[in-house]
Amino acid sequence: MRTPHALLATAAALVAAVVTPPAHAATAAPASGAYYVQSAVTGFNAADSGGAVVQHPPRGNEDRQQWNLRAAGSSYVLESTDTPGSCLGRAGDQARTVACASADAAWEIGPVGDDRYTLKVPGGERYLTVAPQPPGAGYPDQLAVGTSGTLAAWYLTPVAPATSPMPAPDKRTLDQVTFLTAHNAYANGVDGGFAPPFVNFFPNQTRGINQQLTDGVRGFMLDIHQTPDGAILCHNSCTLVSRPVALWVDVQRMVDFLKSHPDQLVTVFMEDYVDPSVLRSELARVNGLSDVLYRPDRTGVRQNGWPRVADLIAANQRLLIFTDHSRSADEAAGLTRDSFGVMYQREWTVENYWSMGSGIGTSDWTCTSRWGDIPLTHTEPAFRPLFVMNHFRDVTMGVTAQSDNTKLADRAQRFCQPAARKKPNFLAVDRYDLGNPGSAVANLNTYTYP
């Protein structure tokens, strides 16, 4: 199970009808339509909270976060989709909702590069901004009107973005593809024990790794713990676990599968609690690992973007392994995991917070970052991190997983995709055999997100 982390991501989504903007600003603002106003720093969205405009985690259409952008004379207004006539505006140095006809509702919208904009008070140098960070504290919810700078940069994320058809199989890049991913794939009760007896009653999956591969699972989340026997797959700890499985055993299964299926790719995500030297020794036991291991750090991905899937297949670079461990901790220990081919996940991916709530009852579809200092919207000039979308609960209950998995595509498209401003590349679920999550994967693989 993923452990909680500070949250910092946001929701996003956008455009609908097209309206002609003012002539002098024809290229300054995006087309009129429904948007999320999303901080480029925190990834959170501007939301109407009883008249105050605050930044909230992205929550689709459930939290008064959607605004209709339209021209108003030589400026623009952003009208709440929930309260017609009420617009994102200001009162003094605070962002507030005001009557759309008020002068305090008008904004000049200007591009600042990388699909980012400023919202400036007409005739002045005051901007909609995230309030400055107090020493030792997070950014406050209340949005402000203040000076320009990094905190005054915003994404205008369409609620209904225009998408493009998926490229032909030989043209699509890795970051355009979505893969079915098994959360706690090892915790299946088939391959061996994974937890103390009581926890074994709630397996995250009910089919072994070999069957998961046969069924089309291509992403595998594995928890590894250090014991005298090496790196072992266990939930929380390996105490009182009968018949535990070693990491190398499951990785060997994947390598063997790839050898017999030369057109397939597999990705491993490790929740990693072992010393780097132990992990290196365990992976050294896997026959043929080096033949199929993919090293994005050695192939110019950061400078050129992700390669085509067809090129990875042709080069036989078809197994990608990530760790959630800290690079800085490994550097202090004198051995980094990427020196033997294990990539640091925070350098190559973004990932939403792991839990949708308890095993029963209502669910929380908010999409926020698992890592507080890396918003889901994080991109680099030539590189878009892969997006790992978690869609599961604290405790796995069959009936709940069945229901949740039928809603996977809806949550991905309406909540998490706009929150990250990118398409999920890995859809991680419990009980992938229930609710047909494969249909969500197939749907996402029909288009690319702009």
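**Figure 1. Phe-383 counts as buried at 1% relative accessibility, and its ring pairs with that of Trp-348.** Buried means under 20% relative accessible area, exposed over 50% and partly exposed in between, with a 1.4 Å probe and protein chains only. This is a predicted model, in which local features need pLDDT of at least 70 and side-chain atom pairs count only at pLDDT 80 or more, while totals for chains, interfaces and linings use all residues. Residues are numbered from 1 along each chain as its sequence is written, and side-chain values use heavy atoms, with hydrogens and water left out. The ring centres of Trp-348 and Phe-383 are 5.7 Å apart and the planes stand at 85°, so the pair is edge-to-face. Rings of Phe, Tyr and Trp (its six-membered ring) pair if their centres lie within 6.5 Å; planes under 30 degrees apart count as stacked, over 60 as edge-to-face and the rest as tilted. Trp-348 belongs to helix H8 (residues 345-348), and Phe-383 to the loop between strand S22 (349-351) and strand S23 (386-391), so the pair ties together parts that are 35 residues apart in sequence. Helices (H or I, at least four residues) and strands (E, at least two) are DSSP runs, numbered from the N terminus. Trp-348 is also buried, with a relative accessible area of 5%.

**Figure 2. Charged side chains lie over the rings of Trp-348 and Tyr-447.** The charged end of Arg-302 is placed over the Trp-348 ring, 4.5 Å from its centre. Lys-423 lies over the face of Tyr-447, with 5.3 Å to the ring centre. A charge sits over a ring if NZ of Lys or CZ of Arg is within 6 Å of the ring centre and within 35 degrees of the ring normal.

**Figure 3. Phe-179 and Phe-426 belong to one aromatic cluster with Phe-269 and Phe-322.** A pair of aromatic rings is described by the distance of the centres and the angle of the planes. The structure holds 8 aromatic pairs. One of them is the stacked pair of Phe-179 and Phe-426, at 5.5 Å centre to centre with 25° between the planes. This pair links distant parts of the chain, 247 residues apart: Phe-179 is in strand S15 (residues 179-182) and Phe-426 in strand S24 (residues 426-429). Both Phe-179 and Phe-426 are buried.

**Figure 4. Gln-212 is a buried residue at 0% relative accessibility, located in helix H1 (residues 209-214).** Its side chain reaches the backbone oxygen of Arg-207 at 2.8 Å. A polar contact is a pair of N or O atoms within 3.5 Å; within protein, one must be able to donate a hydrogen and the other to accept it, and residues adjacent in sequence count only if both atoms are side-chain atoms. Leaving aside residues up to four places away in sequence, Gln-212 touches residues including Ala-182, Asn-188, Phe-220 and Tyr-432. Contact means heavy atoms within 4.5 Å.

**Figure 5. Ala-46 is buried at 0% relative accessibility and lies in strand S3 (residues 45-49).** Not counting residues up to four places away in sequence, the residues that Ala-46 touches are Val-37, Val-53, Val-54, Arg-64, Gln-65, Trp-67, Leu-88 and Leu-143. From Ala-46 to Asp-63 the C-alpha to C-alpha distance is 9.8 Å, with the two 17 residues apart in sequence.

**Figure 6. Tyr-294 is a buried loop residue, in the loop between helix H4 (289-292) and helix H5 (301-304).** The relative accessibility of Tyr-294 is 2%. Among the residues it touches, not counting those up to four places away in sequence, are Leu-174, Trp-306, Pro-307 and Arg-318. Tyr-294 and Pro-161 are 32 Å apart in space, C-alpha to C-alpha, and 133 residues apart in sequence.

**Figure 7. The largest pocket has a volume of about 410 Å³, and Asp-114 is among the residues nearest its centre.** On a 1 Å grid over the protein atoms alone, a pocket is an open set of points where a 1.4 Å probe fits, with protein on both sides within 12 Å along at least five of seven lines; lining residues have an atom within 4 Å of a point. Grid points are joined across faces, edges and corners, and a volume is the space filled by probe spheres set on the points. The lining holds 20 residues, of which Asp-114, Asp-115, Arg-384, Arg-421 and Pro-450 lie nearest the centre. Strand S13 (residues 154-159) gives the most to this lining, with 3 residues. Asp-114 lies in the loop between strand S9 (108-113) and strand S10 (116-120) and is exposed at 64% relative accessibility. Phi of Asp-114 is near 55°, a positive value in a residue other than glycine.
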